[in-house]
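This briefing describes one protein for a reader who has the sequence and the model at hand. Please look over both before going on to the notes that follow.

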Amino acid sequence: MAAALLLASPLLAAWIPRLGASPLLDLPAPYWAGLVRSFRQVSITLLATLAITTAVTVVMSYFSILWWAFGKTLRMILDVVESIPSILVALFCYAPVSVVLAKNPESASALLSLFVFIFAAFLTTLPEAVRSVTLPLAELYHRKYSVSFRAYGFTKAGILLILMNSRAMRDAIKRSCAAILLKTLVLDCSFGFIIQIGMGSYGTPAHTSPGALIAANRDAIFSAIEKAGRSPAMFWLPSALLVMISLSFLAVLSDKKEASL
């Protein structure tokens with residue numbers, strides 16, 4: 001866990017006061033400010049998506065086991081959502097508000113863009129999150145503890161509440177959170193990259209992302225560009241930071257030690 005926190009430190013470091021006004025590595029001040037701003041933005045996106053998706057996941061997983069018909073219907077709906085590529089989900093979510101984004105001031109457009117993207121990330125991460133929590137909860141209920149608890153007079157709802165607070169389920173939820181964060185980070189950077197490539201600095205939606213920063217500086221890796229005042233570090237620095245953050249989430253996902261009540 002300590003290693004995961006260390007690898008995720010760029011997300012915390014971006015919030016250090018005055019960091020955005022203190023360029024390092026001889027990078028231009030505007031670039032450095034944009035780098036800090038993009039990692040602040042992605043940290044907000046990750047936290048908001050994690051909070052919303054995890055809360056909905058726990059509730060849906062609980063009721064999926066409590067009511068079989070609800071669980072079956074929910075599974076069919078989530079299977080349909082999961083069959084659509086996540087990048088298309090994001091683009092479809094932006095389509096109804098594209099005109100509003102184009103006509104509003106930059107600050108309002110950026111805020112609306114953030115809300116729309118969080119909703120898109122929520123939709124794309126929810127199916128896997130619900131499945132990763134529902135399956136271990138169902139296994140605990142049906143195979144291990146249902147008969148024992150019922151012998152003491154517990155109702156199905158009460159048994160599920162107890163199991164949901166077990167160590168095994170806390171570990172499952174922890175791994176689900178790591179998967180949500182990783183998938184959201186990939187979607188955020190992929191979407192930002194595509195928007196930057198396809199629309200340039202004048203495109204909408206106004207999605208601030210490390211992926212967009214990488215796309216904007218992709219030509220800086222060539223030595224000829226460096227002579228013109230652009231360093232390859234402008235491309236490789238955000239890339240390396242994103243690799244670190246991704247590894248932190250993967251470290252949590254790889255921790256699959258057997259848990260018990």
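**Core, surface and fold**

Leaving aside residues up to four places away in sequence, phenylalanine 249 touches Leu11, Leu46, Ala178, Leu181, Leu182 and Leu185, where a contact means heavy atoms within 4.5 Å. The model is a predicted one, in which local features need pLDDT of at least 70 and side-chain atom pairs count only at pLDDT 80 or more, while totals for chains, interfaces and linings use all residues. Residues are numbered from 1 along each chain as its sequence is written, and side-chain values use heavy atoms, with hydrogens and water left out.

**Nonpolar cores**

- In the largest nonpolar core, which has 43 residues, Phe39, Leu185 and Phe249 touch the most other members; such a core is a set of buried Ala, Val, Leu, Ile, Met, Phe, Trp, Tyr and Cys residues joined through side-chain atoms within 4.5 Å.
- Two or more residues of this core come from each of helix 3, helix 7 (106-151), helix 8 (156-164), helix 9 (167-199), helix 10 (210-216) and helix 12 (233-253).
- Helix 3 gives the most to this core, with eleven residues.
- Another core, of 13 residues, lies apart from it and includes Ala90, Cys93, Ala120 and Ala121.

**Overall fold**

- The protein has twelve helices and zero strands, these being DSSP runs numbered from the N terminus (helices H or I, at least four residues; strands E, at least two).
- Of contacts between residues at least 6 apart in sequence, 71% join residues at least 24 apart.
- Buried residues make up 42% of the 261 residues, with buried meaning under 20% relative accessible area, exposed over 50%, and partly exposed in between (1.4 Å probe, protein chains only).

**Methionine 60**

- Methionine 60 lies in helix 3 (residues 29-66), and, not counting residues up to four places away in sequence, it touches Phe70, Leu74, Leu126 and Val130.
- Although methionine 60 and threonine 134 are 74 residues apart in sequence, they are 8.3 Å apart in space, C-alpha to C-alpha.

**Surface**

- The accessible surface of the protein comes to about 14,100 Å², of which 69% belongs to carbon and sulfur atoms; accessible areas come from the Shrake-Rupley method with a 1.4 Å probe, and for residues only the protein chains shown count as cover.
- Leucine 88, found in helix 5 (residues 86-94), is partly exposed, with a relative accessible area of 33%.
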